[in-house]
Amino acid sequence: EPKRVRTEAGKAPLQVPLAQRHRVQERSPRSDASMGPIRLMRTQGLSETCNRDAVGIQDIVQGDIRFAMVHNFMIDPDWLLGACPKLLAIPCVQVFADLKIGNPEAASLGNLPNFRVHMPPVPIPYGTHHTKMFILVYESSIRVCIHTANLIHTDWNHKTQGAWFQDFPRKQVSGPDHQSASSSAFEDDLVEYMSCLGWAGAQWEHGGQKHRFKSADLRQFDFSKAQVRLVGSVPGYHRGAPAMHKWGHLKLRRLLQNETFKAEFSGSPVVCQFSSLGALTPKWLAEFNASLCAGCTPDGTPLAPGPSQLIWPTVEDVRCDLMGYAAGGSIPGNEKNILDPKKADMLDHLWHKWNGAFSGRQHVMPHMKSYTRYATSPSSSSPTSLAYFVLTSHNLSTSAWGQLQKNETQLFIRSYELGVVFLPSTLANSVSESDQSANMGAQSASVGAQSSNMGAQSANVDIQMSTWDWNSRRQTGDGAVVVPFKVPYALPPQPYSDRAGDEPWVWDVQHKLADRFGRCGLKR
C-alpha cells in the first residue's frame, strides 16, 4: 500500500520527485472493435492473457490535454501523481472530491500550481461525492471516461474494475453559437449533472493567455455519437415530474421504459453486482427491481418483472483473494446489514456467487458496480444475451440510487453518483457502414468515435448485446450485429449453496479460517 501524503498547512506536498521516480512508459489504448464497449482494468498478478486489452490510468489520461477534470471519492495524491505524471504537465487540472468522508488529503493537490480542488456541496448527512470520472479537453476534441476505481493504488492494481471512455469532436459551429447548436441527450445530461456540483468554473494562465472553462463549455463538443446514456444522482429531495425522473433509479427506469427489448427478456432475471450495500428493505428492493425490469417488447407489451440476483463475494472468495482478507476492506458489508436475522431472511435467497474464473479474476475481488438483465442461451457454451448493461459508481443503496417518498411524489438521494447505461438504441449506429452492408453476423460492433445515437429502429440495425466469448476473438450472430461486453463474472450466476457452506462476506467480524497471510479478518 503506498504511503499517504502528509503536509503542513501552507506547504506544497512532495509529490513531484516521487512522480518522477515512478514514471513509466506511456501506452496508447488499442481501438479495434474486438475489445467491446467496456474495458477491464489491468490487474497485478494475472497472466498477460487475462490482462489482454485491459487498461491502466495512463491509457486513459494521455495525449496533449489542455484541461482536465478529475472526479472521485478517495484520492491518494502521492499515488496519483506517481502513477500518472502526465497530470503535472496539463495546464490546469480541476479535481472534484469529497474532502471529508473520502479523504481530506486530496486538498493537498491544491498546493500544486496547475491543480484546483473543489468539493461539491453535500447538504444531506451521510451523503458523499462518489462519482468516478475523467473529462479531458484537447484542442479539437474531448474524452469522457466513467469508471469504478478510486484513485488509490489498490483500486488500480488489485481489484476487478471497469471503465468506459469515448472521444468526441468539437462542434462545427464556433464562438458563442455553440450554445444554440443542436444538442444531444448525453450532452444535456452531462451539462446538467456538472451544473449541480456548485462549481463556478476554472481559470488559469498558459502560454501568456488567460483561459477559462465552465460547465456550459461542454456544449462546444458534439456528443451526438455517444454509445451510452448517463445515469446520475445528486443529493436532494427531488419532487414531482420531471425533476424526480432526472436522477437515480427513476432516471434508469425512464430510459428503459423508452426502449424496446426482445420478448426473451420478459420475466428474465436482473443482476445487481456491487461492492457495498446499505440498510435495505423489502419495499425498496421491490421499488428498485421495478426500475431494473422496465421496458417493452416490440408489440408494446411491458416486460414482465424478473427476479433480482445479487452478486456478492462469499467469505471464502475474499479469503482466497490474492490480497487475502485485506481485499475485503473495499467490500464494506456490515454485520447489521447482512447477518441481522431480519436482513438475512430477506437477502438469503437473493445472494449469488462471484465467479470470475473464466476471466482470470476469481481471486481478484470486484470493486466495479454493474447492473444488467440477461436471457440465457439454449447452448451453455454460447454467450448470454443482455438487454442492457449499466457500469456505474452506484452501489446497492438508497443513498446512491434514491428512495421514493411521500406516496411516490418525491425521490430522496444522499450522494453524487454517475454511471453509463448501454442500450440497443445507443449502440445501433456504433456499427460502421461496412458492417451494415456485409454479413452482420460475421463481425463485432465497432464502438469507436463513429458511433451514433440515432436509435436501433431508425438505423434499421438489429443490435444483439451479449457477454464476451472469452474463448474466441470473434462474435457471431444470426442476422444481427453482436456487441460483446467483457462482463468479468459468469452469467447466469450461481446461488449460494448451504451444502458448500457459502456465507456472505462481512467485513466487521473475525472469520474462522486464515487467509494466505495467516490473517482471520481485517485489522480494524
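Asp53 sits in the loop between β1 (39-40) and α2 (57-60). Helices (H or I, at least four residues) and strands (E, at least two) are DSSP runs, numbered from the N terminus. The model is predicted: local features need pLDDT of at least 70, side-chain atom pairs count only at pLDDT 80 or more, and totals for chains, interfaces and linings use all residues. Residues are numbered from 1 along each chain as its sequence is written, and side-chain values use heavy atoms, with hydrogens and water left out.

Asp53 is not a glycine, yet its phi is positive, about 70°. Most residues other than glycine have a negative phi, and most peptide bonds are trans. Asp53 counts as buried because its relative accessible area is 9%. The cut-offs are under 20% for buried, over 50% for exposed, and partly exposed in between (1.4 Å probe, protein chains only).

Lys406 also has a positive phi, about 50°, although it is not a glycine. Its place is the loop between β17 (403-405) and β18 (410-413). Lys406 has a relative accessible area of 58%, so it is exposed.

Now the peptide bonds. Ala241 and Pro242 are joined in cis, with omega near 5°. Pro242 belongs to the loop between β11 (236-239) and α6 (248-257). The bond from Leu491 to Pro492 is cis too, with omega about -5°. Pro492 is in the segment after β21.

Next, a strand residue. His71 lies in β2 (residues 67-72). Its relative accessibility is 0%, so His71 is buried. Which residues does His71 touch, not counting those up to four places away in sequence? They are Phe96, His129, Thr131, Lys132, Met133, Ile135, Met194 and Leu197. Contact here means heavy atoms within 4.5 Å.

Finally, the surface. Glu335, Asp340, Asp345, Asp348, Asp498 and Asp508 form a patch of negative charge. Patch residues have over 30% relative accessible area and no salt bridge; like charges are joined within 9 Å, and nonpolar side chains (Val, Leu, Ile, Met, Phe, Trp, Tyr) within 5 Å. A salt bridge puts a side-chain nitrogen of Lys or Arg within 4 Å of a carboxyl oxygen of Asp or Glu. Asp and Glu count as negative, Lys and Arg as positive; His and the chain ends are not counted. One member of the patch, Asp508, lies in the segment after β21 (481-485). Asp508 is partly exposed, because its relative accessible area is 33%.

Note on methods:
Accessible areas come from the Shrake-Rupley method with a 1.4 Å probe; for residues, only the protein chains shown count as cover. The place of a charge is taken as NZ of Lys, CZ of Arg, CG of Asp or CD of Glu.
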